[in-house]
Amino acid sequence: MDFVKPLGRQNQTSVTQFVLLGFSVDPKKQILLFALGLLVYLLTLAGNLAIISLIWIDQCLQTPMYFLLGNLSFIEICCTSTIAPKMLWDLLLGDKTISFIGCALQLYFFGTLGSIECVLLLAMAYDRYAAICHPLHYTLLMGQKVCWGLLACSWAIGSFNSFINTALVFSLDFCQSNEIDHFFCDIPPLLQLSCSDTSVSQLVTFNISGGIIIGAFGLILLSYILIVFSVLKIRSAQGRIKAFSTCVSHLTVVSIFYGTLMYTYLRPSSSHSMEEDRLVAVLYTIITPMLNPLIYSFRNKEVHGAIQRALSKTRWLA
């Protein structure tokens with residue numbers, strides 16, 4: 001089957017399908033990599049579904065903080081599911097092709113969900129700021145309408161950002177080679193593959209996506225600066241430790257997520273190494289979604305209590 005079709009008089013060719021080169025590993029090791037990837041994917045689904053289920057069934061977890069956490073878990077499931085199934089299919093069967101439309105859809109949904117996660121993490125930082133700095137007004141600052149408004153805002157920003165980026169990238173010409181040096185359709189390898197002038201696409205991507213990433217990260221930092229000032233006013237050491245402990249999980253997730261995101265998307269294109277980008281991409285597309293449920297449940301007394309109550313109900317029903 002021809003993956004590249006002539007464009008006629010222009011002596012150029014148009015790509016109709018792409019080939020995802022994926023990981024440069026010994027074919028004999030691909031089964032091992034497939035098994036490892038499948039295990040991580042199943043753990044990601046199980047962990048995030050467990051968080052969503054606990055929040056759904058336990059009245060004690062039906063608070064603004066856990067409302068946002070449940071939505072974050074849902075986004076993690078969707079985000080990793082746009083990447084992992086195709087990656088696993090390629091490792092198992094060696095069918096590395098993806099259609100032009102399929103590649104565009106993968107880029108759009110991955111970009112949308114990644115941008116939503118940026119804004120959701122900012123909303124969770126605002127929740128911690130409201131709870132620690134303004135505890136008496138918390139129910140007003142994080143009411144039901146506010147929570148749904150923050151969620152709707154995150155989806156609107158994510159959809160807009162990804163639509164612009166996907167439209168710009170796939171309006172470019174892809175000629176000669178159709179091999180994407182990555183395991184999924186992402187902006188940096190697609191821009192490298194294009195035979196068009198990509199300066200406008202890079203500029204718009206940096207301004208819009210970079211604005212969302214840097215803006216959200218800056219507001220998160222501001223939230224935590226205000227939280228630190230507020231916590232330092234607490235007289236007892238135990239009170240300060242308790243206040244900070246509610247932020248540790250969120251700070252850990254923010255550090256991993258934004259660190260890898262900035263490394264991948266805010267560097268100049270000339271400094272991109274596809275080998276490094278693949279390794280970093282594994283971290284934020286596959287590993288981080290698996291770790292987030294563990295990070296948020298580790299030493300979290302409310303989650304531990306919900307698990308115990310769910311298990312006791314299960315035993316009683318049995």
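The model is predicted, so local features were taken only at pLDDT of at least 70 and side-chain atom pairs only at pLDDT 80 or more, while totals for chains, interfaces and linings use all residues. Residues are numbered from 1 along each chain as its sequence is written, and side-chain values use heavy atoms, without hydrogens and water. Helices (H or I, at least four residues) and strands (E, at least two) are DSSP runs, numbered from the N terminus.

Three strands form an open sheet in the order β4-β3-β5. Its pairing is mixed. Two strands count as paired if DSSP finds at least two bridges between them. β4 (97–99) and β5 (179–180) are the edge strands, each pairing on one side only. Strand β3 (residues 17–20) runs parallel to β5, and two bridges join them. In this pairing, valine 19 stands opposite glutamate 179 of β5. Helix α3 (residues 100–133) packs on the sheet and touches β3, β4 and β5. Contact here means heavy atoms within 4.5 Å. The direction of α3 makes about 85° with that of β4. Axes are lines fitted to C-alpha atoms, for helices over the stretch in contact, and angles run from 0 to 180 degrees between N-to-C directions.

One disulfide was counted, taking as a disulfide a pair of cysteine sulfur atoms within 2.5 Å. It joins cysteine 103 to cysteine 185, with an S to S distance of 2.0 Å. The link is left-handed, at -125° about the S-S bond. Cysteine 103 lies in helix α3, and cysteine 185 lies in the loop between β5 and α6 (187–193). The two are 82 residues apart, and the pair links distant parts of the chain.

Helix α3 also packs against helix α5 (residues 144–169). Their axes come within 7 Å and cross at roughly 145°. The crossing is right-handed; that is, the near helix is turned clockwise from the far one by less than a right angle, whereas anticlockwise is left-handed. Contact residues of α3 include Leu107, Gly111, Ile116 and Tyr126. Those of α5 include Leu151, Trp155, Gly158 and Phe163. By class, the contact has 15 nonpolar, nine polar and no charged residues. Ala, Val, Leu, Ile, Met, Phe, Trp, Tyr, Cys and Pro count as nonpolar, Asp, Glu, Lys and Arg as charged, and the others, Gly among them, as polar.

Helix α7 (residues 199–232) meets helix α9 (residues 248–265), their axes coming within 11 Å and crossing at roughly 150°. α7 is therefore roughly antiparallel to α9. Angles under 35 degrees count as roughly parallel, over 145 as roughly antiparallel, 65 to 115 as roughly perpendicular and the rest as oblique. The crossing of α7 and α9 is left-handed. α7 contributes Ile213, Ala216, Phe217, Ile220 and Tyr224, and α9 contributes His250, Leu251, Val254, Tyr258, Leu261 and Met262. Ten of these would be listed as 10 nonpolar, with one polar and no charged.

α7 also packs with helix α8 (residues 237–245), at about 160° and with axes 9 Å apart. This makes α7 roughly antiparallel to α8. The crossing of α7 and α8 is right-handed. Val228, Val231 and Leu232 of α7 meet Arg240, Ala243 and Phe244 of α8. Five nonpolar, no polar and one charged residues make up this contact.
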